[in-house]
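Q: Hey, I'm new to this one. Can you walk me through what's in it?

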Amino acid sequence: MTTSEGNKPSLETSWAPIPGPVNRESFFEAQRRNRRATWRLSAVCILAVLFTGIPLSLILAPPVYGLLLVGLALAKRYVAVPPEIWQTLVQVGSSVGAILDHFSNNKPLPPPDVILTAAAAVLLPGIVIQFFLWLGMRALFLRAGAGGVLLTLGARVPSTEDLKEKRLVDVVAEMAIAGGVPPLKVMLLDSEAGNAAVVGGSPKDATLVVSRRVLEELERDELQAVVAHLIGSAGNGDLHIAMTMVSVYQAFGLLNTLINAPFGPRARRALWALMRIGFRRGGTAEADQVSEMLTQGLQASDDLESRMDKNQQKAGCLSNAFSMVMLPAFFFNFSLKFTMWVFSFLLFEPPLAWMWRTRRYLADASAVQLTRNPDGLASALEKLSGIGGSIVGGKWASHLFIVGEHRGMPLELARQMEAFRAEHAGQQLTREQMIALAREALMQRKGFQLETPPARDDTLEKTTGGAVSFHPPIAKRLKRLQALGAHFAAGGSPHKTPRQRAVLALILLLFSPLLFLIVGMMLTVVVMLIGLNFVFTAIAFAIILALVRLIP
Amino acid sequence: MQNWIVIGVAAAAVIYVIAAFNRLVSLRYRVRDAWAQIDVQLKRRHDLIPNLVNAVKGYMDHERETLESVTRARQQAMAAGADVNSRAAAEAALTLATSKFMALVEAYPALRASENMLSLQEDLNSTENRIAFARQFYNDSVMEYNTARGTFPRNLVAGPFGFRPAEMFALEDAGERAAPQVKI
């Protein structure tokens with residue numbers, strides 16, 4: 001396990017009091033703890049997604065009933081519509097009306113069974129639609145696999161001639177033996193970014209994607225740790241979880257696309273591509289492209305919006321009239337998108353990201369189990385935090401990488417720290433002190449500007465604005481590794497001190513009124529949108545119904 | 001009513017026994033598989049050594065003794081048979097011989113830098129790692145199996161069905177425990 005290259009000379013030459021294991025924890029224990037955390041957070045995620053479904057269903061209900069009424073009005077001409085259907089619809093309408101009366105006209109609250117009927121009638125269609133969209137997307141993308149787009153970016157098979165690439169293949173074989181799994185496929189990316197990911201559909205057909213830069217920068221035991229992290233991640237079932245996670249976004253994206261399909265070519269193209277993978281054409285890479293196509297409308301302007309924009313620029317009489325006709329559809333689409341955004345931003349994305357973080361910690365602990373060398377992973381993470389920033393392959397793969405987008409750690413600084421580590425080996429330096437020292441040294445050099453790499457837009461959390469990253473901060477991971485036995489100067493204990501907790505609580509307390517205000521405002525807007533959407537849709541469908549009746 | 005309770009309890013017990021038995025069987029298979037994996041990796045090392053010796057023959061003619069000792073150790077390891085203890089001893093001797101041999105390579109800069117030698121060193125390094133990791137996985141599997149068969153109430157199932165405890169792969173003496181350093 002130990003290789004010829006000792007990358008920690010400090011441990012052999014002088015036994016300096018390096019801050020060693022703090023609050024020691026065995027890797028089995030760490031794995032159990034992280035598994036439990038995953039379960040807890042998954043439950044929170046499910047609740048959060050369910051809660052998001054409620055307002056969306058409220059927005060979806062009016063057009064669904066409107067379409068139903070128009071459909072019935074048309075059908076009535078050709079076939080006899082049984083009177084029970086009309087009765088049921090009237091009953092639903094009156095029970096919803098009774099509740100609205102209570103709020104607007106101070107009428108007494110109707111009896112509970114009426115409320116229940118109304119709630120079921122209003123919520124069920126939306127919930128059923130969303131549930132089936134999600135199920136469909138999940139089934140589709142589970143088959144296609146995760147992160148396949150990485151394999152299309154010029155990924156190649158490692159050459160047996162090149163010593164470093166041969167080493168990678170060897171290391172993968174070693175780690176597969178350590179984990180008791182069949183050897184995984186390996187692909188290389190000739191990329192400037194130093195990062196590695198595991199992609200695929202199941203642990204059995206997973207593929208490791210490693211960028212060439214990783215091979216250049218990492219020592220053998222560091223590479224081993226990176227590979228062990230990825231194999232552990234696949235073995236823990238992260239690919240399945242990743243796809244389920246992404247399918248939630250995709251279900252929302254599909255809903256948006258379906259609504260836009262009658263109005264623009266882009267949504268139709270996305271649906272067409274989706275049908276193609278539905279009929280087993282194309283592989284993982286296509287799946288990622290379709291994910292992108294489905295959800296791009298959620299972030300940028302979608303077909304409906306661009307059409308409205310175009311109309312407004314024309315500003316003719318005809319296009320104004322067209323805008324008027326389109327307004328309800330536009331408004332419906334907008335309310336849906338805004339509500340999705342608010343609820344995913346506030347409600348389900350943070351627990352989702354935190355849940356995914358527990359998977360990263362779990363994979364770290366698995367890597368320690370496979371290599372029995374926490375130092376290897378610690379120094380690998382440290383190095384990758386410097387070079388792994390720019391993620392290739394877009395957001396549908398970004399969360400599969402071992403390190404995420406690094407924030408504020410320029411490449412030069414990382415290199416300087418690397419030099420410092422060798423220089424100050426044996427000294428009691430925490431990571432923070434090391435960064436400060438390195439920064440100072442760089443600043444003294446003449447004409448040198450520290451440039452923080454630009455933040456990237458193509459990570460999963462950026463779908464809705466990205467309050468919480470899907471990757472834990474490197475410093476935190478290092479602290480956890482320290483608890484697993486890494487002799488790594490991460491600084492401090494992995495757990496917060498009482499003082500830090502108090503400070504955090506105080507900050508939270510101070511900002512809580514502001515937070516409440518923002519959340520309250522957003523929710524008010526959502527409620528207003530739901531109401532306005534109801535009114536607009538009702539008017540639009542009343543006109544359509546009248547027109548349908550007029551046509552002989 | 002009482003009959004139903006008795007039947008229910010009996011059914012639950014039977015289901016538990018079946019589940020416990022199956023788990024023990026799958027764990028035992030994993031232990032066997034892990035053991036076979038060690039063999040595979042040891043064989044890999046045996047196959048590697050002739051290549052290694054051939055690669056250096058031209059350079060190290062006057063070190064014939066070391067080369068021969070490596071070859072001999074390999075033959076002994078291959079002939080060691082099925083007995084665990086004698087095999088472990090033979091393999092340990094082979095490890096020692098190869099590490100001495102690799103230390104010798106140090107003294108030949110031209111040889112050390114050659115592409116072929118670097119590649120062979122990587123092979124040897126990786127093979128040693130594979131053996132170590134195969135052992136580690138074997139020991140982990142044994143630990144899990146022994147824990148499963150030894151803990152209550154599964155030990156009630158393990159005993160009658162003849163699930164014997166598996167043995168860890170331990171190194172014999174302290175001399176072997178000092179890992180041979182292949183410094184290159």
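What follows is a short chat about this predicted model.

Q: How many helices and strands are there in chain A?
A: Chain A has 18 helices and three strands.

Q: And what share of its residues count as buried?
A: Of the 552 residues in chain A, 41% count as buried.

Q: OK, strands next. Which strands are joined to β3(A) by bridges?
A: Strand β1 of chain A, residues 185-189, is joined to β3(A) by five bridges, and the two run parallel. Strand β2, residues 196-199, is joined to β3(A) by four bridges, and that pair runs antiparallel.

Q: Which residues in β3(A) are the bridge partners of Met187(A) and Ala196(A)?
A: For Met187(A) the partner is Val209(A), and for Ala196(A) the partner is Val210(A).

Q: Are the faces of β3(A) covered or open?
A: Both are covered. Thr207(A), Val209(A) and Ser211(A) are buried on one side, with Leu208(A) and Val210(A) buried on the other.

Q: Switching to helices: how many residues of α13(A) are buried?
A: 14 of its 14, so to speak mostly covered. Helix α13 covers residues 374-387 and reaches 20 Å from its first C-alpha to its last, close to the 20 Å expected.

Q: What about Leu258(A), where does that lie?
A: Leu258(A) is in helix α8 of chain A, residues 238-260.

Q: Why does Leu258(A) count as partly exposed?
A: Because Leu258(A) has 15 C-beta neighbours inside 10 Å, and a residue needs 20 or more to be buried, or 12 or fewer to be exposed.

Q: How far apart in space are Leu258(A) and Leu294(A)?
A: Their C-alphas are 9.3 Å apart, with the two residues 36 apart in sequence.

Notes. Residues numbered from 1 in each chain as written. Chains lettered and ligands numbered in written order. Predicted model: local features only at pLDDT ≥ 70, side-chain atom pairs only at ≥ 80, totals over all residues. Expected span 1.5 Å × (residues − 1). Pairing = 2+ DSSP bridges.
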